[in-house]
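Here are my notes for a first reading of the structure shown below. Please keep it in view while going through the numbered points.

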Amino acid sequence: MKTITLFSILFIVTLFCNAQVGINTEIPKATLDIGVANPAAPENTDGILVPRIDAFPLVNPTSDQDGMLVYLTTTEDSNSPGFYFWNSSLSSWSKVMVENNTMLCGKSGGSIGLTGTVFNFPDLKFNNILGAYFVGDKLHLPPGNYEIESKLSTSPNLLLGWDVRVDGIVCPTSIAGSANTISLGLGLGVIVTGVNTQSAIVTITDASEEIDFVITSGVAVGGLLSDSSYLKVTKL
């Protein structure tokens with residue numbers, strides 16, 4: 001017992017003196033340096049396990065735990081499984097983004113319609129958001145937080161504004177999009193042009209919620225330029 005106690009004291013003193021800890025290495029190069037026996041052929045247990053939790057604590061951490069890392073094992077509210085750290089400046093858990101879940105869609109050219117027209121971007125170009133799909137002109141997304149950005153480019157003589165809707169209601173936090181292109185004709189060419197993308201942060205709580213777009217203002221004389229019109233959805 002005396003031998004064990006003496007060894008423990010000497011070990012702790014050594015840690016404080018060195019101010020660096022090495023595991024599987026005799027020359028640590030950082031405050032904590034963890035090596036593996038064979039980096040070229042690692043074992044399936046070579047790694048670090050951070051605390052795994054099924055739900056976030058009911059009592060939030062404080063500034064003393066700013067940057068504290070955990071792994072959420074199940075979906076909680078709109079938070080999918082993954083690594084999270086306590087972000088004291090936001091007073092919330094922030095996900096460590098190790099992947100970029102994105103959907104990119106287009107819209108075929110032609111007339112877009114007048115005020116009140118409901119539409120979408122059904123021409124799927126790319127998608128790695130698991131559980132995202134279209135039913136007709138309605139986009140469905142799995143629960144979570146998303147950035148939705150859309151752009152409509154128009155040919156001359158088309159003025160319109162549009163916005164994103166969730167279950168038929170315009171998203172209150174959305175910045176509406178607008179496209180204005182007016183040609184005077186008579187050889188004067190296009191003198192008024194402007195395209196402002198629509199953008200919004202949307203929280204989806206149920207996959208049954210329907211996302212679409214609506215023309216909020218517009219006088220359509222020309223058509224839509226499909227090559228530069230798009231919908232981009234990014235999971236946050």
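1. F56 counts as buried, since its relative accessibility is 12%, and W93, at 13%, counts as buried too; here buried means under 20% relative accessible area, exposed over 50% and partly exposed in between, with a 1.4 Å probe and protein chains only. The model is a predicted one, in which local features need pLDDT of at least 70 and side-chain atom pairs count only at pLDDT 80 or more, while totals for chains, interfaces and linings use all residues. Residues are numbered from 1 along each chain as its sequence is written, and side-chain values use heavy atoms, with hydrogens and water left out.

2. Seven aromatic pairs are found in a search of the whole structure, where rings of Phe, Tyr and Trp (its six-membered ring) pair if their centres lie within 6.5 Å, and planes under 30 degrees apart count as stacked, over 60 as edge-to-face and the rest as tilted. One of them is the stacked pair of F56 and W93, at 5.1 Å centre to centre with 10° between the planes. These two residues also belong to one aromatic cluster with Y84 and W86.

3. The rings of F121 and F213 have centres 5.2 Å apart and planes at 85°, so this pair is edge-to-face. F121 is buried at 0% relative accessibility, and F213 is likewise buried at 0%.

4. I148 is in contact (heavy atoms within 4.5 Å) with residues including V164, F213 and V233, leaving aside its neighbours within four places in sequence.
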